[in-house]
Amino acid sequence: VVDVRRPDGWPALRTVLAAAARPEVARLAGEVLGPHLADASPDVRRFVCALFDAPSGMTTVSELARALGVLPTTLM
């Protein structure tokens, strides 16, 4: 889990998502986060899924926001 509230959080998140072991990271994240997301709103589940389903070339909050159809400030 990466704490994006820390100054180094977003770069760390990008590194994790772009890692070669991405399918393994997504599987582990599903196991760890799945039970906690059961009661989350559809928007929260959509956001978390987008983090793991995003193309490896998507590395900025602006790109992720565009893919989700929200303003970048919504994610920041």
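Q: What pLDDT does the protein average?
A: This is a predicted model, where local features need pLDDT of at least 70, side-chain atom pairs count only at pLDDT 80 or more, and totals for chains, interfaces and linings use all residues. Residues are numbered from 1 along each chain as its sequence is written, and side-chain values use heavy atoms, with hydrogens and water left out. The average pLDDT (the predictor's confidence in each residue, from 0 to 100) is 83, and 93% of the residues score at least 70.

Q: Which element has the lowest mean pLDDT?
A: That's H1, at 78, while H4 has the highest, 91.

Q: OK, how many helices and strands are there?
A: Five helices and zero strands, going by DSSP runs numbered from the N terminus (helices are H or I, at least four residues; strands are E, at least two).

Q: Which residues form the largest nonpolar core?
A: Leu-13, Leu-17, Ala-50, Leu-51, Val-61, Leu-64, Ala-65, Leu-68 and Leu-75. A core here is a set of buried Ala, Val, Leu, Ile, Met, Phe, Trp, Tyr and Cys residues joined through side-chain atoms within 4.5 Å; buried means under 20% relative accessible area, exposed over 50%, partly exposed in between (1.4 Å probe, protein chains only).

Q: Which helix gives the most to this core?
A: H4, with four residues.

Q: Switching topic, where is Gly-34 found?
A: In helix H2, residues 22–37. Gly-34 has a relative accessible area of 33%, so it counts as partly exposed.
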